[in-house]
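Visitor: I've got this one open on my screen. Can you walk me through some of the packing and then a pocket?

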Amino acid sequence: MFDLAILGGGPAGYTAAAKAAKAGKMVILFEREALGGTCLNVGCIPTKTLLYSAKQYANALQADKYGVCAEKVSFDYGKIQLRKQKIVRKLAAGIRQQLKDVTIVTGEAHVEKYAAEQVTLVVDETRYEAANLLICTGSVNFVPPIPGIEGNERIWSSTEALAAKQLPESIIIIGGGVIGMEFATLYMELGVKVTVIEAMPRILPNFDEEMVTMLQQRYAKQGVTFLTNTRVHEIKEDKVFFSEANTTTGGMLRADRILVCVGRRPDLTGLEALTTLEFDRRGIKVNDFMQTNLPNVYAAGDVTGKLMLAHVASRQAEVAVGRMLKQIPLQRIAYNAIPSVVYSNPEIASVGLSESEACQFFMEMEGKTAEQVADKYQVHKLPMTFSGRFMAENEGENGLAKMIIDSRTNTVLGVQLYGNPCSEFIAAAAFAVRMGYTLPEFQQVVFPHPTASEILKELL
């Protein structure tokens with residue numbers, strides 16, 4: 001019997017397997033498709049690889065801004081796709097090497113029988129037993145109930161978009177969240193006519209409104225059409241019928257392809273036998289240590305529905321295995337200090353509370369209006385051009401950086417950044433939020449010069 005059985009080989013699954021195996025536990029991992037899960041195979045890594053090629057092409061077109069002459073600039077999308085596949089294969093091999101002491105079973109596993117001392121799983125009529133179970137089954141694309149989606153060959157999910165060998169001439173993206181905007185970036189920079197339809201009043205609703213407005217205005221100048229506060233009510237072949245929210249005002253648009261990316265939902269495949277497993281409105285219900293209501297069953301990653309990010313999944317897996325191994329100290333996950341990034345061009349990165357979230361927090365805490373709590377927090381704001389390195393590498397760009405400070409304790413509540421390459425140093429801000437740094441403490445941190453990260457020090 002195994003000490004630990006893991007359902008799913010994505011960031012949560014393979015991180016947990018490696019950690020438990022390193023501790024000397026007998027581990028079995030079940031993966032029905034490919035190690036690395038959605039993130040490595042049809043998500044984070046393929047998307048960022050394609051986006052980097054698109055950014056290189058866009059930069060080459062604007063090389064004259066830096067005194068560089070580049071004539072007859074072009075791209076080969078076939079080669080871009082081959083590079084993506086090469087990187088995925090290389091990273092997958094690295095994961096398999098990490099799991100050399102783990103028993104890996106390829107196939108769709110189902111929980112057949114559950115008891116507090118033992119869980120039985122089955123794959124193709126072969127049974128496996130383990131003392132503990134960690135559910136890392138991830139998530140799947142959510143398909144909205146829009147008439148005309150099912151069976152429509154014009155419609156892509158993100159998986160199909162990533163696998164396409166040719167670019168469409170035009171595309172309608174339904175969903176202006178992170179996934180939608182990253183695909184909008186890719187297609188825009190490679191010359192595809194892009195329309196983004198978002199049901200919310202604005203795109204990227206979970207990011208700083210001022211920065212999102214800057215990004216949207218920039219993309220609009222580059223030819224992207226945005227229809228916000230707009231709902232799609234029917235799709236017929238290449239036609240998308242829409243209307244403004246709460247009105248009958250609308251119209252119809254046509255495109256070669258229609259990309260639907262309105263979110264993801266937990267994948268609960270194979271868990272039917274866990275009849276007493278508890279759920280909340282997001283996914284499998286877990287406590288601070290990723291324990292479910294069943295004593296020897298844990299869950300981590302997208303299946304919990306907390307924050308569907310690969311780095312969150314990995315951290316949740318570490319916490320789950322730590323609890324299982326009874327490691328001391330047992331640290332809870334600081335969800336208030338999880339960094340998020342939109343890999344647009346320019347990038348947006350955020351950690352902790354935004355300006356509007358800080359206002360809302362104090363309003364709810366004190367039962368007062370926005371005007372009455374305005375003195376409870378401070379907003380330090382600067383253009384990214386206060387960093388010499390940023391100016392050197394981002395000709396004609398201003399960018400924006402914000403830091404939210406708790407006026408009562410002088411601690412850092414959040415940081416939002418707009419400009420390249422903010423994804424590379426948002427972790428420094430996450431560290432400050434996680435550790436509850438005060439301004440004087442953060443001011444003692446020495447940033448290398450010249451780097452774009454120095455904008456954090458300038459904000460202090």
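This is a predicted model: local features need pLDDT of at least 70, side-chain atom pairs count only at pLDDT 80 or more; totals for chains, interfaces and linings use all residues.

Visitor: At what angle does helix 11 run to strand 19?

Guide: Helix 11 runs at about 10 degrees to strand 19.

Visitor: OK, and the sheet: what's the strand order?

Guide: The order is 18-19-22-21-20. The sheet is open, has 5 strands and pairs antiparallel.

Visitor: Why is one side of strand 18 and of strand 20 left without a neighbour in the sheet?

Guide: Strand 18 (340-342) and strand 20 (377-382) stand at the edges with a single partner strand each, so one side of each has no neighbour in the sheet. On average, neighbouring strands here are turned by 10 degrees against each other, direction ignored.

Visitor: How many bridges join strand 21 and strand 22?

Guide: There are 6 bridges, in the antiparallel sense, between strand 21 (residues 400-406) and strand 22 (residues 412-418).

Visitor: Switching to helices. How do helix 1 and helix 8 pack?

Guide: Helix 1 (residues 11-22) packs on helix 8 (residues 310-324) at about 35 degrees, and their axes are 8 Å apart. The crossing of helix 1 past helix 8 is right-handed.

Visitor: Which residues make that contact?

Guide: On helix 1, they include Ala12, Ala16 and Ala20. On helix 8, Ala313, Ala317 and Val321 are among them. By class, the contact has 8 nonpolar, 3 polar and 2 charged residues.

Visitor: And helix 3 with helix 6: left-handed or right-handed?

Guide: Left-handed. The axes of helix 3 and helix 6 come within 9 Å and cross at roughly 35 degrees.

Visitor: Now the second largest pocket. How much space lies in it?

Guide: About 520 Å³. Its lining has 26 residues.

Visitor: Which of them lie nearest the centre?

Guide: Lys55, Asn59, Asn345, Asn394 and Asn420.

Visitor: Which helix gives the largest share of the lining?

Guide: Helix 3, with 6 residues. Helix 3 (44-61), helix 6 (178-189) and helix 10 (388-393) each supply at least two.

Methods: Residues are numbered from 1 along each chain as its sequence is written. Side-chain values use heavy atoms; hydrogens and water are left out. On a 1 Å grid over the protein atoms alone, a cavity is a set of points where a 1.4 Å probe fits but cannot get out, and a pocket is an open set with protein on both sides within 12 Å along at least five of seven lines; lining residues have an atom within 4 Å of a point. Grid points are joined across faces, edges and corners, and a volume is the space filled by probe spheres set on the points. Helices (H or I, at least four residues) and strands (E, at least two) are DSSP runs, numbered from the N terminus. Axes are lines fitted to C-alpha atoms, for helices over the stretch in contact, and angles run from 0 to 180 degrees between N-to-C directions. A crossing is left-handed if the near helix is turned anticlockwise from the far one by less than a right angle, and right-handed if clockwise. Contact means heavy atoms within 4.5 Å. Ala, Val, Leu, Ile, Met, Phe, Trp, Tyr, Cys and Pro count as nonpolar, Asp, Glu, Lys and Arg as charged, and the others, Gly among them, as polar. Two strands pair if DSSP finds at least two bridges between them.
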